[in-house]
Amino acid sequence: LHYAKRKEDGAEVAMKIYDEEWEKENNSILKNECRGISRLGKLDIGPKSMGGLLSTKAALYIPMEYCNGGNLNDFLGKEKFPDDLLREIARFLCTSLEKLYELSLIHI
């Protein structure tokens, strides 16, 4: 992943870049990712909401939401959270997993 900014509005994005050589060697992985991206577009999240995929002769560029501040483990390890916040996070995760399951992106 690479950090980038959109020219139009300066929004921060995380950019996945797959060069032509990687695409040839990992075609099935890339097809699965593109299929998943297509399904995420129905929820107005993922690359479609970030401006869409960009393909050139040299590479495929996939913009993703940029999350500043480290990973989840860094965040969770800092302090004890109130029960209400933990319930809200758990509810959000369950709802998200349900949507991904409905789109056949995950199997439970």
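Reply: The largest nonpolar core has five residues, namely Tyr 18, Leu 30, Ile 37, Leu 60 and Ile 62. A nonpolar core here is a set of buried Ala, Val, Leu, Ile, Met, Phe, Trp, Tyr and Cys residues joined through side-chain atoms within 4.5 Å, and buried means under 20% relative accessible area, exposed over 50%, partly exposed in between (1.4 Å probe, protein chains only). Helix H2 (27–40) and strand E4 (59–65) are the elements that give two or more residues to this core. Helices (H or I, at least four residues) and strands (E, at least two) are DSSP runs, numbered from the N terminus.

A quick word on what you're looking at: this is a predicted model, where local features need pLDDT of at least 70, side-chain atom pairs count only at pLDDT 80 or more, and totals for chains, interfaces and linings use all residues. Residues are numbered from 1 along each chain as its sequence is written, and side-chain values use heavy atoms, with hydrogens and water left out.

Now zoom in on Tyr 18. Leaving out residues up to four places away in sequence, Tyr 18 touches Glu 23, Leu 30, Glu 33, Ala 58, Ala 59, Leu 60 and Ile 62; contact means heavy atoms within 4.5 Å. Tyr 18 also stands opposite Leu 60 in E4. Behind that is the pairing of E2 and E4, which is antiparallel and runs over seven bridges. Two strands count as paired if DSSP finds at least two bridges between them.

Step back to the sheet. Four strands form an open sheet in the order E1-E2-E4-E3, with antiparallel pairing. Strand E1 (2–5) and strand E3 (54–55) stand at the edges with a single partner strand each, so one side of each has no neighbour in the sheet. E1 pairs with strand E2 (residues 12–19) in the antiparallel sense over four bridges, and His 2 stands opposite Met 15 in E2. The hairpin of E1 and E2 has six residues between the strands, and there Gly 10 takes a positive phi near 75 degrees.

And the whole thing? Along the sequence, the protein follows the pattern β-β-α-α-β-β-α-α, which comes to four helices and four strands. Buried residues make up 19% of the 108 residues. Among contacts between residues at least 6 apart in sequence, 48% join residues at least 24 apart.
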